[in-house]
Amino acid sequence: MSTKTEISTDDVLRERSPRRLGQLVPNGMLEDNYPRNMWWAAAHVDEVKDGPLARWILETPVVIYRLENGTPAALYDRCPHRWAPLSEGHVCGDKIVCPYHGMEFDTTGLCTKAPTQKMQPNIARIPAYPVREAGAFLWIWMGDPEAIDREPPEVGYQTDPNWSFLHGYYEVAANWVMIRENVFDLTHIAFLHKNTFKQNDWINAPDSFMEGDVLCYQQEFELAPLSPLFCAGMGLPEDKPVKRVQKGTMPSLAISFSDWNVHDPAPEPGRRSDFIMRGCHIVTPAQRGRTHYFWGSAFDVPALSDEVIAKTKASVIEAFDEDKHLLEIMQRQIAADPRGLSYLEVTLGPDKGGIRVRQILNKMLEAEGRPPLKGGLA
Amino acid sequence: MSTKTEISTDDVLRERSPRRLGQLVPNGMLEDNYPRNMWWAAAHVDEVKDGPLARWILETPVVIYRLENGTPAALYDRCPHRWAPLSEGHVCGDKIVCPYHGMEFDTTGLCTKAPTQKMQPNIARIPAYPVREAGAFLWIWMGDPEAIDREPPEVGYQTDPNWSFLHGYYEVAANWVMIRENVFDLTHIAFLHKNTFKQNDWINAPDSFMEGDVLCYQQEFELAPLSPLFCAGMGLPEDKPVKRVQKGTMPSLAISFSDWNVHDPAPEPGRRSDFIMRGCHIVTPAQRGRTHYFWGSAFDVPALSDEVIAKTKASVIEAFDEDKHLLEIMQRQIAADPRGLSYLEVTLGPDKGGIRVRQILNKMLEAEGRPPLKGGLA
Amino acid sequence: MSTKTEISTDDVLRERSPRRLGQLVPNGMLEDNYPRNMWWAAAHVDEVKDGPLARWILETPVVIYRLENGTPAALYDRCPHRWAPLSEGHVCGDKIVCPYHGMEFDTTGLCTKAPTQKMQPNIARIPAYPVREAGAFLWIWMGDPEAIDREPPEVGYQTDPNWSFLHGYYEVAANWVMIRENVFDLTHIAFLHKNTFKQNDWINAPDSFMEGDVLCYQQEFELAPLSPLFCAGMGLPEDKPVKRVQKGTMPSLAISFSDWNVHDPAPEPGRRSDFIMRGCHIVTPAQRGRTHYFWGSAFDVPALSDEVIAKTKASVIEAFDEDKHLLEIMQRQIAADPRGLSYLEVTLGPDKGGIRVRQILNKMLEAEGRPPLKGGLA
C-alpha cells in the first residue's frame, strides 16, 4: 500500500468557492461522457453463441459474433452499402453476411463478397473493434486501437471452478456514472436497501485511496449478523454475528469489485470460518441516458446448489431493483427539469470515492481531447 | 357591477391589421407560459395523507407532504446531495428523509441531519414553496415568496356540509391555457358535448366583463330541459323545462367557476324551486404540454346519496372525456405540425372571454419580466 | 425505346472522389425530402366513405372526405378558429363541420357558417388541396395548385373487372425514399426474402433506363419455378418451371410498378400460357421518418376466388413484413447514431435504379427552390 493516497473531504470541499455551488466535479450525466480508450464489457459470453448480437455501445451500433473457432469479433453494425444492420443477417463460417443484399465481411470489416455484382467493391469496409474474452465477459475497445495499452480487467475467478458465480443483466435508463457512483458510496445500503440488504451498520463510509491507478476502499465491521443476501451462499444462519472486512476496488471505470470478507468467530465443528463474496459491477454506456449493467456475485465455494443460487439471485435482484428504480427516476427527473445540472450539489464525506471516479473520468476525457463536462451553477 | 367593463368584439378585432392574420393575442401553448407569482392548486387534500406526493408543477419537480399536525409543506423534489427525489423517501415527524442516504430536511428546506457523516452540511438547502390548504385543495406559490399579496381563492363551499361536492382529476396532455379557454367559451357545449350535456340551447355566448380583477360572464336561458348531468343532483326529472342563469367567474388563472342557477317554475308540492350547481375548473401546468386538471361539481344540497353521486360523476366524466380527447389531439397536432403556431387564428364573438384570459396572462408574464409569448403569422 | 438512356455504374462511380466516401447522392432520409409539386396517394378509396379521414401527408395534417355526390375533398386539418381538427367533426351535405364550435367549411376551405355568432367571419379560410380519384386511390397535390401539369398516374387496371386486385396498407416507420429504393433494387429478393419469395435466381440486377421521364428496368429469366406468392393467382403449381420477364416502371416518385410477365411453356390442355402479375408500390411521406405504404398485386385474371385472394395476400404480407422490419430498424438506427448520414455509402451495380431515384428527387427539390439534401462524409 505504498502508493495509498488519502483524499480528505477537506481537500474536496476546499475547491468550492462561494460562487460555485453546483457540481464540484461535473459528471456530465446528460451528455456523452464515455471515454473511448479503455475496455468496456460488450456482453456476457453466453449472449454471443449461435448468432450475431446487436448492441449499442457508447452510442454506436455494434454487432458481435463468433468465428468458427469461437473467437469473438465486433463490427460497426451498418453495412457500408445501404446501411442495413448486419446483426439482422447471419454468420457464415468466419464471415458475417448482410441480410439485405448478401454482402459478406471478415473480422477486419473488409467486404470479401458482394454477390449481386461481379466486381468486389474494395472500398467497402466497416469499422472493426478489438474484442477479447476475459472471465465471463467479452470486452470491447471502441477507441483508437493503437492506444491499447493493457489487457481487459483480470476476472479469472469468474470462470474458476473453485468459485460459484451468479450474474445478471439490467438495461438501466440512467447514465453509467450514476451506477458507478452508487457502488462507490455504500452507505446507501443502510438507507435505500434497509429492507433487502439489512446491513444497517453500513452507515459510515470507508476511506478511499489509490493503489497505483486502482481506486480502493476498505472497512472493517464489528460483530453483526450478515446480510441475508449472502448467508445462503456461505452456509451461515441469518442471525449469527460475524466479522466483515469490506474491500472495494475499481481497476477501471468499466468494472469495480465489492468484496465481502466474512469471518465466523464460532464456526460449527468441521466448518470453515472464512468466506469471500466477490461482487462485481460492470457498466457500459449504451445510448444517451441508457446503460448496460452486468452484475456478478461470486462465492469462494465450488458448485453451490441450484437452490442456493436461485435464492441468492432472487435476493440480489430484489435489492438491485431498488437501485434501478431510484436511478431511473433521478435520470428522468434531471433530464426533464429545465434546471438540469444547474443545481447545488453538496458533497459529503462518503462521496470521496465517487468524486475520485469523476476526477478519473475527467482526466481520461481530457486525455482524449474531449471538452470538459458540463454542470454546476454559474 | 359598477366595475363591469364590456369587451366588444370590435375592440378585439380592431387590433388586427391586414398583415397580421395569426394569433391576435398569442397564448404560447407550446412554451412555458406559466406565471409564477400566483397560487396554483398542487393537489386535492386527499392526495397528501400518509406519505409524500411527487408532482411536476410549472416544470418543477415538487414533493408535497404533511407535518405531524397536518400542515402541508412543499419542497423542490431533488436532494441537494446527489439529487435523489425526496418523494421516494419518507416523512419522519416533521422532516422528510431522502431515500438514498438518509438526509433529513425541514419545511424550510434546510438539511438538519446527514447521518452518513458527523458534520452537518450547512449549505445543504432545498427550495421550499409556500403551500396553503383552502377548500378541497392544497395551493402552492412557485414564484417569489415576497410577492405573495393574497390568499388562495375562496372555495369554502367545497368543504361546507350544506353542499355535496364531487370532484375528479385528469392529467391532460395539453397546455393549461387550452383548458382555461375551453371553459370560458361554453358554446362548445352545444357542439362537442351535444350527446352528453344535451344543453343545446347554449349556442350563443354570454357577455364577458370584469368585476374588479375577476373575469365574469352571465347568461339567462329560457325554459328548457336541464342537462341530464345535473338533474339527479337537483332531484329534477330530465324532461322538465326549467330556467337557468349561467354565471361564470375566474378569480385567477388557476381556477374558474361555472355556476348553474336553476329555477323550477312548477316545483312538486313541498319541493324547492331553486338550485345551484357550482362547477369549478382548476388547472395547474405540469410539464411542457401537460396539465393537471381538477374538476369539481358542487350541489347546494347536503349529503347526496352515493348513488346520485356515482351517477353524476360518471356523466360528468363522460362529457369531460370529450374535452380531453379533443384538446390532446389539438396539442399533439399543433406541436407536430411544422407550421406550429404560425397559422391564422380567427377570433369569434364568443372568444371575448378567452381573449381576456390571454390578455391577463400576458400582463402577468410581462410583470414578471418574461419575454412575450410567441405566435401569429409574420 | 428510342428514348432509352443507359446509366452505367461507371458513370455513377466516376462522380466519387477519394475525399468523398459518403453518400454519392444523398437521399436526405432524416429530413423533409418530399417534393410538393406532384400527386401523392392520400388514401385508398375505401378509406374515405362515410366520415372524414385524418391523415398526415408531407408533415401536414390533412382531412379527407367526400361530398354528397362522392367527389373527394381535402383540407388542412386545423380549424382557423381555435385549431381543432376538422377530422374529429362530421360531414354535413357538402360541408365539413368543426367538432368544437360547429363552424362549417366548403371544399375551397371557406367558412360558410359560424353558428355561435351572427356575422360570418369572412377571413376564416383553410388551405384546400386538389384531390383526384384514379384507380383504387385518391391522389392529392400538396404543392402549388398552379403548378399542376398532369393527371395522377394511370392505374385503370386497378378497377378493371378483367383484373383481380389485392392491396394492403402499412404505416412504415422509415423515410419514403428507403421504400422507393427497396423496390428498385430487386436483388434483395434473393437475400431478404429468400424464405418467402423463394425467387432466388434474382441475384443479378436488371438494366435501368429512362423511357421519357419514366424510370424502367427489364430483365428476362430462364426457366425456373415461380415464386409461390404468385402461383395461386395464376393457377400454376409451385414447382413448375416457367419463364419470366420482369419489368419495372416508375412513372413518378409516388408510385412504381413491378410486373411479373410469366410464360408457361407447357400449359395444361385448354389453359393459358401467359400471365401478368402487376405489383404496385405507392409511398406517401407522412410525418418525419414515417411513410404511408400502399401495395397492390393485380392478376390479369377476373374474379379470383376469395380463397386464392386470402392466400396470396397472406403470403405477400409475410414477405413485406420482412422489408418493414428491416427498414424500420435501419431508420431507427441511423437516426439514433450520432454519425447519422455521415458514413461511407458504397454504391453497387444494382443501385443504378435507386441512384436514379435520388437524382430525380434532387432535381425536383431543386426545381422547388429547396436546399440540397444532407449526407456524405466531409
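C:Ala303 counts as exposed because 11 C-beta neighbours lie inside 10 Å, and an exposed residue is one with 12 or fewer. In this predicted model, C:Ala303 sits in the loop that runs between strand E18 (291-299) and helix H4 (306-336) of chain C. Its phi is near 50°, a positive value in a residue other than glycine. That deserves a remark, since most residues other than glycine have a negative phi.

A second case is found in chain B, where B:Leu58 has a phi near 55°, again a positive value in a residue other than glycine. B:Leu58 is placed in the loop between strand E2 (53-57) and strand E3 (60-66) of chain B.

Turning to the chain as a whole, chain A contains 5 helices and 18 strands, and its C-alpha trace spans about 75 × 60 × 40 Å along the principal axes. A compact globule of 378 residues would have a radius of gyration near 21 Å, and the 23 Å of chain A agrees with this. Of these 378 residues, 48% count as buried, and among the contacts between residues at least 6 apart in sequence, 61% join residues at least 24 apart.

Chain A is divided into domain 1, made of 21-32 together with 161-367, and domain 2, which covers 39-147. The C-alpha centres of these two domains of chain A lie 32 Å apart, and their contact takes 14 residues from domain 1 and 10 residues from domain 2. On the side of domain 1 that touches domain 2, strand E12 (164-172), strand E17 (274-285) and strand E18 (291-299) of chain A each supply at least two residues. By class, that side of domain 1 has 7 nonpolar, 5 polar and 2 charged residues.

Between chains, the contact of chain C with chain B takes 21 residues from chain C and 23 residues from chain B. The side of chain C that touches chain B has 12 nonpolar, 6 polar and 3 charged residues.

Definitions and conventions. Residues are numbered from 1 along each chain as its sequence is written. Chains are lettered from A and ligands numbered from 1 in the order in which they are written. This is a predicted model: local features need pLDDT of at least 70, side-chain atom pairs count only at pLDDT 80 or more; totals for chains, interfaces and linings use all residues. Two residues are in contact if their C-beta atoms, placed from the backbone, lie within 7 Å. Ala, Val, Leu, Ile, Met, Phe, Trp, Tyr, Cys and Pro count as nonpolar, Asp, Glu, Lys and Arg as charged, and the others, Gly among them, as polar. Helices (H or I, at least four residues) and strands (E, at least two) are DSSP runs, numbered from the N terminus. The radius of gyration is taken over C-alpha atoms; the globule rule is 2.2 Å times the number of residues to the power 0.38. A residue is buried if 20 or more other C-beta atoms lie within 10 Å of its own, exposed if 12 or fewer, and partly exposed in between; C-beta atoms are placed from the backbone. Domain bounds come from an automatic or database domain assignment.
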